[in-house]
Amino acid sequence: MSSNLEYYKVFYYVGQLGSITLAAEKLCISQPAVSQAIRQLELSVDAKLFIRTSKGVRLTREGELLYSYVKSGLDDIWYGENMLRRMQDLDTGEVRIGASDMTLQFYLLPFLERFHEKYPKVKVTVSNGPTPETLGFLSHGTIDFGVVSSPVDARPEVSVTEVKKIRNIFVAGEQFKHLKGKRLEYGILKELPCIFLEKNTSTRRFMDDYLEKLGIVVEPEFELATSDMIVQFAMRNLGIGCVMSEFAEKEIEAGHLFELEFKQGMPERSFCIITDRKNPMSPAGGHLLELLMEKPEKSMI
């Protein structure tokens with residue numbers, strides 16, 4: 001740009017109002033300052049932009065051409081400033097979250113409901129995927145933050161905060177009722193048909209790591225994408241399912257499934273909020289995060 005942006009702003013108002021006096025009043029500057037800005041702009045673009053008339057000034061043909069572009073540019077700038085203010089005030093904007101079916105259903109949904117009630121014009125986008133995939137979304141800056149389940153193998157710049165304790169359980173249907181009420185060893189799983197999540201999930205990784213520490217490696221009969229499907233398979237007596245307890249809670253209460261009991265309880269794990277210190281967060285994302293972090297249990301990192 002060969003001229004000061006302020007010269008174009010003065011040019012815009014003189015062209016819009018057709019008067020140097022009115023433009024000076026609008027800009028809260030003196031009339032000589034307006035005239036000087038116009039002269040400097042005309043020298044810069046090497047063209048006469050205004051013709052004086054008895055009623056004020058009017059644009060020349062060159063001035064009309066330049067005015068159309070200046071008006072468009074300044075309108076875009078002012079629109080952008082207005083949209084930015086609206087975003088800061090949460091009158092618009094977008095929150096981008098990464099979450100699995102499990103964290104969404106059993107942790108995030110009530111918070112999203114409260115946030116939507118408070119800021120109904122903010123768009124909420126959820127990228128659905130297991131913990132490793134959500135960590136990838138965060139690394140590439142495609143989400144503001146993620147809600148995942150432990151274990152979390154994160155880079156040093158990722159902050160991980162534990163927000164809810166959860167536990168894995170093994171469930172079975174009527175065909176396996178001979179196991180009900182017995183104190184079992186985990187080794188029995190090697191003798192039974194098992195239904196597990198796919199290996200790219202933190203739930204499966206946690207279970208595999210725990211059993212491996214006990215010297216037990218289980219090859220499941222079925223590997224499924226969702227915990228809901230594991231519950232459905234277990235209800236149809238297709239095997240022993242491993243899920244987070246809340247997925248099977250209703251079916252256990254209804255008597256369609258029962259929880260297997262083991263002499264040694266599997267350790268608890270957690271839902272965690274992950275953020276990246278290197279990635280800026282949207283204003284709307286920051287407000288939702290504040291809502292989620294009101295009462296965190298403890299910081300893990």
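The axes of helix H1 (residues 5-17) and helix H3 (residues 31-45) come within 9 Å and cross at roughly 110°. Here an axis is a line fitted to C-alpha atoms, for helices over the stretch in contact, and angles run from 0 to 180 degrees between N-to-C directions. This is a predicted model, in which local features need pLDDT of at least 70, side-chain atom pairs count only at pLDDT 80 or more, and totals for chains, interfaces and linings use all residues. Residues are numbered from 1 along each chain as its sequence is written, and side-chain values use heavy atoms, with hydrogens and water left out. Helices (H or I, at least four residues) and strands (E, at least two) are DSSP runs, numbered from the N terminus.

**Where H1 meets H3**

- H1 and H3 are roughly perpendicular to each other; angles of 65 to 115 degrees get that name, while under 35 counts as roughly parallel, over 145 as roughly antiparallel and the rest as oblique.
- H1 passes H3 in a left-handed crossing, a term used if the near helix is turned anticlockwise from the far one by less than a right angle, with right-handed used if it is turned clockwise.
- On the H1 side, Tyr-7, Tyr-8, Val-10, Phe-11 and Val-14 meet Val-34, Ala-37, Ile-38, Gln-40, Leu-41 and Val-45 of H3, where contact means heavy atoms within 4.5 Å.
- The residues of this contact between H1 and H3 are 10 nonpolar, one polar and no charged.
- In this sorting, Ala, Val, Leu, Ile, Met, Phe, Trp, Tyr, Cys and Pro count as nonpolar, Asp, Glu, Lys and Arg as charged, and the others, Gly among them, as polar.

**Where H5 meets H10**

- Helix H5 (residues 101-118) packs against helix H10 (residues 283-292) at an angle of about 120°, with their axes 10 Å apart.
- That angle makes H5 oblique to H10.
- H5 passes H10 in a right-handed crossing.
- Tyr-107, Leu-108, Phe-111, Leu-112, Arg-114 and Phe-115 of H5 make the contact with Ala-284, His-287, Leu-288, Leu-291 and Leu-292 of H10.
- Sorted by class, the contact of H5 with H10 has nine nonpolar, one polar and one charged residues.
- Pro-110 is also found in H5, and at 44% relative accessibility Pro-110 counts as partly exposed.
- Buried means under 20% relative accessible area, exposed over 50%, and partly exposed in between (1.4 Å probe, protein chains only).
- From C-alpha to C-alpha, Pro-110 and Glu-261 are 31 Å apart in space, and they are 151 residues apart in sequence.

**The five-strand sheet**

- Five strands form an open sheet in the order S10-S9-S11-S7-S12, with mixed pairing.
- S10 and S12 are the edge strands, since each pairs on one side only; two strands pair if DSSP finds at least two bridges between them.
- Strands of a sheet pair through backbone hydrogen bonds, either parallel or antiparallel.
- Strand S7 (residues 168-172) is largely enclosed by the rest of the structure, because five of its five residues are buried.
- Asn-168, Phe-170 and Ala-172 point one way from S7, while Ile-169 and Val-171 point the other way.
- In a regular strand the side chains alternate between the two faces of the sheet.
- S7 pairs with strand S11 (residues 240-244) in the antiparallel sense over four bridges, and Ile-169 has Val-243 as its bridge partner in S11.
- S7 also pairs with strand S12 (residues 258-259) in the antiparallel sense, over two bridges, with Val-171 opposite Glu-259.
- Strand S9 (residues 194-197) runs parallel to S11, and two bridges join them; Cys-194 stands opposite Ile-240.
- S9 pairs with strand S10 (residues 222-224) in the parallel sense over three bridges, and Ile-195 has Phe-222 as its bridge partner in S10.
- Helix H9 (residues 245-253) lies across S7, S11 and S12, running at about 120° to S11.

- Most residues other than glycine have a negative phi, and most peptide bonds are trans.
- A cis peptide bond, with omega about 5°, joins Ser-150 and Pro-151, and Pro-151 sits in the loop between strand S5 (145-149) and strand S6 (158-166).
- Cys-28 is not a glycine, yet it has a positive phi of about 60°.
- Cys-28 lies in the loop between helix H2 (20-27) and H3, and it is exposed, with a relative accessible area of 69%.
- Asp-46 has a positive phi near 55° and lies in the loop between H3 and strand S1 (50-53).
- Asp-46 is exposed, with a relative accessible area of 70%.
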